[in-house]
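Hi there,

Here is the structure I promised to pass on.

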Amino acid sequence: MPRYDFRCRSCGATFELRRTMAQANDPAVCPQGHPDTVKLLSTVAVTGAASGSAAPQPPSGGGGGCCGGGCCG
């Protein structure tokens with residue numbers, strides 16, 4: 001279930017709620033009981049390395065040039 005961040009306009013508290021996507025824009029009450037809250041825009045950072053080598057490898061076998069043998073430029 002997605003998590004959404006909210007901020008209370010009355011006391012400034014920031015809090016998180018787990019809700020279904022259908023409930024994402026429903027009003028939220030802060031932990032201190034204030035009803036004047038606003039949903040914050042969340043950013044997601046995805047990091048990591050891809051598996052395998054980073055640089056593509058040239059195809060093996062064959063040559064270049066007109067005859068495929070690598071003798072021609």
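How many disulfides does the count come to? The count comes to 0, where a disulfide is a pair of cysteine sulfur atoms within 2.5 Å. Cys8 is in no disulfide, and its nearest cysteine sulfur, that of Cys11, is 3.6 Å away. Cys30 is in no disulfide either; for Cys30 the nearest cysteine sulfur belongs to Cys8, 3.7 Å away. Cys8 counts as buried because its relative accessibility is 1%, and Cys30 counts as buried because its relative accessibility is 3%. Here buried means under 20% relative accessible area, exposed means over 50%, and partly exposed is in between (1.4 Å probe, protein chains only).

Before the rest, a word on the basis. This is a predicted model, in which local features need pLDDT of at least 70 and side-chain atom pairs count only at pLDDT 80 or more, while totals for chains, interfaces and linings use all residues. Residues are numbered from 1 along each chain as its sequence is written, and side-chain values use heavy atoms, with hydrogens and water left out.

Now the overall picture. The protein chain has 0 helices and 3 strands, in the pattern β-β-β along the sequence. Helices (H or I, at least four residues) and strands (E, at least two) are DSSP runs, numbered from the N terminus. Of the 73 residues in the protein chain, 12% count as buried. The accessible surface of the chain comes to about 5900 Å², and 54% of that belongs to carbon and sulfur atoms; these areas come from the Shrake-Rupley method with a 1.4 Å probe, and for residues only the protein chains shown count as cover. Among contacts (heavy atoms within 4.5 Å) with a separation of 6 or more, residues 24 or more positions apart account for 28%.

Arg19 may interest you. Arg19 lies in the loop between β2 (14-18) and β3 (37-39). It is buried yet has no salt bridge, and the nearest side chain of opposite charge, Asp26, is 5.2 Å away. For the terms: a salt bridge is a side-chain nitrogen of Lys or Arg within 4 Å of a carboxyl oxygen of Asp or Glu; Lys and Arg count as positive, Asp and Glu as negative, and His and the chain ends are not counted. What the Arg19 side chain does reach is backbone oxygen: that of Asp26 at 2.8 Å and that of Pro27 at 3.0 Å. Not counting residues up to four places away in sequence, Arg19 touches residues including Met1, Tyr4, Phe6 and Ala28.

A polar atom of the Thr37 side chain lies 2.6 Å from the backbone oxygen of Ala28. Thr37 counts as buried because its relative accessibility is 17%. Leaving aside neighbours within four places in sequence, Thr37 is in contact with both Cys8 and Cys30, among others.

Two spots remain. Ala13, in the loop between β1 (3-8) and β2, has its C-alpha atom 9.2 Å from that of Thr37, 24 residues apart along the chain. Arg3, in strand β1, is exposed, with a relative accessible area of 55%. Beyond four places in sequence, Arg3 is in contact with Glu16, Leu17 and Arg18.

Best wishes

Note on methods
A polar contact is a pair of N or O atoms within 3.5 Å; within protein, one must be able to donate a hydrogen and the other to accept it, and residues adjacent in sequence count only if both atoms are side-chain atoms.
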